[in-house]
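Here are my notes for your read-through. Please keep the structure open beside them.

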Amino acid sequence: MGTLGTSVPGVTIAASTVPGGTPGVVGSPQTGYVLTSHRVIQGHDPGDRFGHAVAFVGDLNGDSVQEYLVGAPMYQAELPNYVTVGAGYAELFRMDSATPLVHIAGTQDGTANPPIGGEAFGFAVAGGFDLNGVGGPEIVIGAPLFDVDADEVARKAQAGRVCAYSVDVGVPGDPLVTPFLEDDAPNGTIMVGRAGSVQFGFSVAVMPDINGDLANDIIVGAWQDDIDDDSFASCTPPPNPEPRISFGGSASVFSPGSLTPETPVLIFYGEEGRDHMGRAVAATDLFGSSGFPEIILSGVAWTPPGFEAPTYPT
């Protein structure tokens, strides 16, 4: 067991290994914590994995104090049987407080079939842009293990989803959290994975307007999405349904301001099978004068020509 030093005078965190070989807070296996320059904040319960994702989301209530969002997906992929202890959640904090302003929980908690079916809500988080045209920044939360159309015969297991929320924290103790891009959709959002196991929502970022409709956009990674032989890191859909190549990955850009916000305005596909493109996404208006944002997408398992790609269980 060791200690982790912090920039808070006199504060250290004990660290030990727990079953599965990952570090955890002593007495709370994989509860998780977030360490800022001001304080340490722990998750609520063992297995929360609090702090799996973090993002600054801007000043949501106009008090000149920044807020940040923390994801706790309750997902422990390195443990046997992919243990999922709940649906997952995300919490919003002010930089000057350890008390969460908002707690938003997922809805698929793993009690249905299959038994590993927690949605990993909070696996990815983002915010800081006005997405609905009202004026304040919104927050976005990914749940890559969500079962789309779970009540239907043709359930898409672990297709994944991304939820967007407007948050009004102006009234202390009584925040107003309003989902949007929902439109009474059966999955609680119109942004869902197109097929089972693609894990849409594994990564997520908000970005400046890319299609000229004056609304900021959302980019979502789906690292297990299939690609076509002719994809080659393209921005167009694979031209043929067959043959498909597993785990090439994709990243989709959604525009809340478009007439069809449920349809991506742009999709990037991996170059080769098992590229795992979309495990991480990022975007910003880097140069300012170009009028378009710059996008960064990772393909962490890409194998150079001449080398044999590793094989994985499917």
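1. Start with the sheet E6-E7-E10-E11. Its four strands form an open sheet in that order, and the pairing is antiparallel. Strand E6 (53–58) and strand E11 (102–105) stand at the edges. Each has a single partner strand, so one side of each is left without a neighbour in the sheet. From one strand to the next, the twist averages 20 degrees. Bear in mind throughout that this is a predicted model.

2. Now look at one strand pair in that sheet. Strand E10 (residues 89–94) runs antiparallel to E11, and four bridges join them. For a landmark, find Glu91: it stands opposite His103 in E11. In general, strands of a sheet pair through backbone hydrogen bonds, either parallel or antiparallel.

3. The aromatic rings deserve a check. Seven aromatic pairs turn up in a search of the whole structure. One of them is Phe56 with Tyr68, an edge-to-face pair at 6.5 Å centre to centre, with 70 degrees between the planes. Phe56 lies in strand E6 and Tyr68 in strand E7 (residues 67–72), so the pair ties together parts that are 12 residues apart in sequence. Are these two residues buried or exposed? Phe56 counts as exposed because its relative accessibility is 57%, and the cut-off is over 50%. Tyr68 is buried, with a relative accessible area of 5%.

4. Tyr68 also has a second ring partner. Tyr68 and Phe93 form a stacked pair, 5.6 Å centre to centre, with 20 degrees between the planes. This pair links distant parts of the chain: Tyr68 is in strand E7 and Phe93 in strand E10, 25 residues apart. Both Tyr68 and Phe93 are buried. Ring pairs join Phe50, Phe56, Tyr68, Tyr89 and Phe93 into a cluster.

5. Turn next to E14. Seven of the eight residues of E14 are buried, so the strand is largely enclosed by the rest of the structure. Which strands pair with E14? E13 is joined to E14 by five bridges, and the two run antiparallel. E14 and E15 also pair in the antiparallel sense, over five bridges. Two bridges join E14 to E16, again antiparallel.

6. Ile139 stands opposite Tyr165 in E14. Val167 has Val177 in E15 as its bridge partner. Arg161 stands opposite Val192 in E16.

7. Asn187 is worth a look. Asn187 lies in the loop between strand E15 (176–180) and strand E16 (191–192). Although it is a loop residue, Asn187 is buried, with a relative accessible area of 8%. Leaving aside neighbours within four places in sequence, Asn187 is in contact with Phe146, Asp147, Val148, Asp149, Arg161 and Val192.

8. Check two backbone angles. Most residues other than glycine have a negative phi. Asp149 has a positive phi, near 55 degrees. Asp149 is placed in the loop between strand E13 (138–143) and strand E14 (161–168), and counts as partly exposed at 25% relative accessibility. Leu214 also has a positive phi, of about 70 degrees. Leu214 is found in the loop between E17 and E18, and is exposed, with a relative accessible area of 81%.

9. There is another open sheet of four strands, in the order E17-E18-E21-E22, with antiparallel pairing. Its edge strands are strand E17 (200–207) and strand E22 (266–269), and each pairs on one side only. Neighbouring strands here are turned by 20 degrees against each other on average, direction ignored. Six bridges join E17 to strand E18 (residues 217–222), and these strands run antiparallel. Met207 stands opposite Asp217 in E18.

10. The charged end of Arg279 sits over the ring of Trp223, 3.9 Å from its centre.

11. Finally, confidence. The mean pLDDT of the protein chain is 78, and 74% of its residues reach 70 or more. Over residues 1–28, pLDDT stays under 50, and the model has 51 contacts beyond four places in sequence for this stretch. Residues 230–238 also have pLDDT below 50, with 22 contacts in the model beyond near neighbours in sequence.

Technical notes
Residues are numbered from 1 along each chain as its sequence is written. This is a predicted model: local features need pLDDT of at least 70, side-chain atom pairs count only at pLDDT 80 or more; totals for chains, interfaces and linings use all residues. Side-chain values use heavy atoms; hydrogens and water are left out. Two strands pair if DSSP finds at least two bridges between them. Axes are lines fitted to C-alpha atoms, for helices over the stretch in contact, and angles run from 0 to 180 degrees between N-to-C directions. Buried means under 20% relative accessible area, exposed over 50%, partly exposed in between (1.4 Å probe, protein chains only). Contact means heavy atoms within 4.5 Å. pLDDT is the predictor's confidence in each residue, from 0 to 100. Rings of Phe, Tyr and Trp (its six-membered ring) pair if their centres lie within 6.5 Å; planes under 30 degrees apart count as stacked, over 60 as edge-to-face and the rest as tilted. A charge sits over a ring if NZ of Lys or CZ of Arg is within 6 Å of the ring centre and within 35 degrees of the ring normal.
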